[in-house]
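Thanks, everyone. Let me put the structure on the screen, and then we'll go through it.

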Amino acid sequence: MSGILPTVKVGDIGTIFDITVVEPADPTVPDGTKQAVNLTGYNTFNFEFEKPNGRKLTAVTATVKNGSGTDGILTYVDNVGIFDTNRRWKVRPILNKTDGTKFHGTWIGFTVGD
């Protein structure tokens, strides 16, 4: 997963997360280049957030940011103000297929300040 995560403050509403979901690094590629996941094979998308105390929040619905999703970018706007604690949080994408299979992305951290 990659992307520039927003600066988040406790109590913020309207924070936008744009995250590029990437495939695990291919060990046969010398530079370890990661490719964006083509999102067209998935039917629903979620972001899962983890609070500083390790508690995972109920996954929120993310959407494809651009067109068909071949660039792997998902977006989510926090319209309710879930960030109630300062310190280090984590987020990861979860991609779902109609047959029930899931792709859990890698956790990445970001800081919520006061």
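**Rings, charges and one buried aspartate**

Phe17 and Phe49 are both buried. Buried here is under 20% relative accessible area, exposed is over 50%, and partly exposed is in between, with a 1.4 Å probe and protein chains only.

A word on the source. This is a predicted model, where local features need pLDDT of at least 70, side-chain atom pairs count only at pLDDT 80 or more, and totals for chains, interfaces and linings use all residues. Residues are numbered from 1 along each chain as its sequence is written, and side-chain values use heavy atoms, with hydrogens and water left out.

Now the rings. How many aromatic pairs are found in the whole structure? The search gives nine. Rings of Phe, Tyr and Trp (its six-membered ring) pair if their centres lie within 6.5 Å; planes under 30 degrees apart are stacked, over 60 edge-to-face, and the rest tilted.

Take Phe17 and Phe49. They form an edge-to-face pair, 5.2 Å centre to centre, with 75° between the planes. This pair links distant parts of the chain: Phe17 is in strand S2 (residues 15–20) and Phe49 in strand S3 (residues 44–50), 32 residues apart. Strands are DSSP runs of E, at least two residues, numbered from the N terminus.

Next, Phe83 and Trp89. Why is this pair edge-to-face? Because the ring centres are 4.9 Å apart and the planes stand at 70°. Phe83 and Trp89 are buried too. Ring pairs join Phe17, Phe49, Tyr76, Phe83, Trp89 and Phe110 into a cluster.

Two lysines sit over rings. Lys90 is over the face of Trp107, 5.8 Å from the ring centre. Lys97 is over the face of Tyr42, at 5.2 Å. The cut-off is NZ of Lys or CZ of Arg within 6 Å of the ring centre and within 35 degrees of the ring normal.

On to Asp78, in strand S6 (residues 73–78). Asp78 is buried yet has no salt bridge, meaning a side-chain nitrogen of Lys or Arg within 4 Å of a carboxyl oxygen of Asp or Glu. The nearest side chain of opposite charge is Lys51, 11 Å away. What lies 2.9 Å from a polar atom of the Asp78 side chain? The backbone nitrogen of Gly81.

Beyond neighbours within four places in sequence, Asp78 is in contact (heavy atoms within 4.5 Å) with residues including Thr15 and Phe83.

Last, Thr15, in strand S2. Thr15 counts as buried because its relative accessibility is 7%.

Methods. Helices (H or I, at least four residues) and strands (E, at least two) are DSSP runs, numbered from the N terminus. Lys and Arg count as positive and Asp and Glu as negative; His and the chain ends are not counted. A polar contact is a pair of N or O atoms within 3.5 Å; within protein, one must be able to donate a hydrogen and the other to accept it, and residues adjacent in sequence count only if both atoms are side-chain atoms.
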